[in-house]
Amino acid sequence: MRAVQFSEYGAPGVVRVAEVAEPHAGPGTVRIAVRASGLSAGETYIRSGKMRDVVPVRFPYRTGFDAAGVVDEVGDGVTGVEAGDEVFGMTAMTARGANADHAVLVAWAPKPAAWSWEEAGGAAGSVETATRVLDRLAVGAGHTVLVQGAAGGVGTVAVQLAVARGATVIGTAGERNHDFLRSLGAEPVTYGAGLAGRVRALAPGGVDAVFDCAGGALPDLIEIAGDPARVVTIAPDLTAAALGVHLSHGAPAGDTAAAVGAADPLAVHGLGIAVELAEQGRLRVPVAAAFPLTEAAAAHELSESRHARGKIVLVH
């Protein structure tokens with residue numbers, strides 16, 4: 001089958017589509033024939049080498065964490081799903097490989113009818129990341145949260161999930177994306193110099209938490225939050241630890257259905273809530289662009305521009 005991978009750190013041009021052996025579903029997993037899969041900004045950081053001290057890789061490195069498609073193999077011990085079902089979900093963080101013709105998922109949920117394949121293919125990674133960070137920040141009803149980089153793939157989902165929890169959301173973005181953020185339920189604010197003052201004008205009582213999806217502004221975000229413990233970043237900012245900010249990356253420890261044990265993997269990763277919200281029309285997955293699998297390098301280029309509004313996906 002075809003799969004996207006790279007064999008060295010470097011610019012987007014190191015990304016290639018290779019012929020590799022098909023994976024197969026093992027215990028507690030399902031395999032899908034992929035219709036669409038996501039590209040996360042985190043993987044462009046990994047490919048560039050910026051994350052080599054945080055996320056060491058073995059070459060060749062297969063890309064892709066989330067995908068949607070049709071189940072064609074069901075592993076031992078799996079119930080409630082069968083061949084032919086349309087699902088979206090995630091691979092194991094240690095395996096990845098979702099940007100391929102077939103992918104093995106360790107957590108999945110039924111594809112909402114309201115979502116296109118492109119939306120579903122880019123949903124699970126953003127949902128998992130946003131859920132993980134919002135949980136760590138204990139964002140709930142009555143809270144005010146600032147989402148830095150709110151118009152990106154994770155940011156757009158984080159805004160909607162926080163709103164669904166009953167939080168007031170302020171989202172940073174360029175002015176061209178302000179109306180877009182309002183449509184998602186956030187109060188927009190322009191990023192850059194003077195951000196703290198602009199946020200104070202919108203939230204005189206301060207904010208309870210800051211979710212940094214963009215990087216590069218941690219001192220300002222700490223000032224806004226009042227405490228580095230109330231800031232979580234998913235950007236590869238090497239100053240985070242020194243500043244006391246938690247850098248969150250990857251799914252929770254034990255990221256397979258079997259390892260989750262008695263806990264519901266859909267609850268752990270937020271997929272079940274995402275399905276409910278999608279069916280209620282309260283969660284959409286804005287797609288910035290959809291590229292053929294063979295144009296994965298171009299997708300990486302767009303991601304690195306940091307001008308994509310929503311999720312970048314590969315279609316199969």
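Me: I'd like to begin at proline 60. Where is proline 60 found?

Reply: Good place to start! Proline 60 is in the loop between helix H1 (41-48) and strand S4 (61-62). Keep in mind as we go that this is a predicted model.

Me: How do I read the backbone there? What kind of peptide bond joins phenylalanine 59 and proline 60?

Reply: The general idea comes first: most peptide bonds are trans, and most residues other than glycine have a negative phi. Here, phenylalanine 59 and proline 60 are joined by a cis peptide bond, with omega at about -5°.

Me: And phi? Which value does arginine 96 have?

Reply: Arginine 96 is not a glycine, yet its phi is positive, at about 50°. You can find arginine 96 in the loop between S6 and S7. Alanine 138 also has a positive phi, near 55°, and sits in the loop between helix H3 (123-136) and S9.

Me: Is arginine 96 buried or exposed, and how do I decide?

Reply: Look at the relative accessible area: under 20% is buried, over 50% is exposed, and anything in between is partly exposed. Arginine 96 has 13% relative accessibility, so it counts as buried. Alanine 138, at 49%, counts as partly exposed.

Me: Now sheets, please. In what order do the strands of the 6-stranded open sheet come?

Reply: A handy general idea is that side chains in a regular strand alternate between the two faces of the sheet. In this open sheet the order is S11-S10-S9-S12-S13-S14, with parallel pairing. Strand S11 (187-189) and strand S14 (246-247) are at the edges with a single partner strand each, so one side of each has no neighbour in the sheet.

Me: How many bridges join strand S9 to strand S12?

Reply: There are 4 bridges between S9 (residues 144-148) and S12 (residues 209-212), and the two strands run parallel.

Me: What unit do S15, helix H12 and S16 make?

Reply: Together, S15, helix H12 (residues 296-305) and S16 form a right-handed β-α-β unit. Strand S15 (residues 287-292) and strand S16 (residues 311-315) run parallel and are joined by 5 bridges. Across that pairing, alanine 289 stands opposite isoleucine 312 in S16.

Me: Lysine 311 lies in strand S16. Is lysine 311 buried or exposed?

Reply: Its relative accessible area is 5%, so lysine 311 is buried. The side chain of lysine 311 makes a polar contact with the side chain of aspartate 66, at 3.4 Å. Lysine 311 also touches residues including Gly38, Gly153 and Val285.

Me: What about the nonpolar residues? How many residues does the largest nonpolar core have?

Reply: In soluble globular proteins, nonpolar side chains tend to be buried together. The largest nonpolar core here has 47 residues, and Phe88, Trp115 and Val139 are among those with the most contacts inside it. This core draws at least three residues from each of domain 1 (2-123 + 284-315) and domain 2 (128-260). A second, separate core has 17 residues, including Val189 and Leu218.

Me: One last stop: where is aspartate 101 found?

Reply: Aspartate 101 is in the loop between strand S6 (86-90) and strand S7 (102-105). A polar atom of the side chain of aspartate 101 lies 2.9 Å from the backbone nitrogen of arginine 2. Among the residues that aspartate 101 touches are Met1, Ile32 and His316.

Conventions. Residues are numbered from 1 along each chain as its sequence is written. This is a predicted model: local features need pLDDT of at least 70, side-chain atom pairs count only at pLDDT 80 or more; totals for chains, interfaces and linings use all residues. Side-chain values use heavy atoms; hydrogens and water are left out. A polar contact is a pair of N or O atoms within 3.5 Å; within protein, one must be able to donate a hydrogen and the other to accept it, and residues adjacent in sequence count only if both atoms are side-chain atoms. Contact means heavy atoms within 4.5 Å. Two strands pair if DSSP finds at least two bridges between them. A crossover is right-handed if, with the strands pointing away from the viewer, the path from the first strand over the helix to the second runs clockwise. A nonpolar core is a set of buried Ala, Val, Leu, Ile, Met, Phe, Trp, Tyr and Cys residues joined through side-chain atoms within 4.5 Å. Buried means under 20% relative accessible area, exposed over 50%, partly exposed in between (1.4 Å probe, protein chains only). Domain bounds come from an automatic or database domain assignment. Lists of a residue's contacts leave out its neighbours within four places in sequence.
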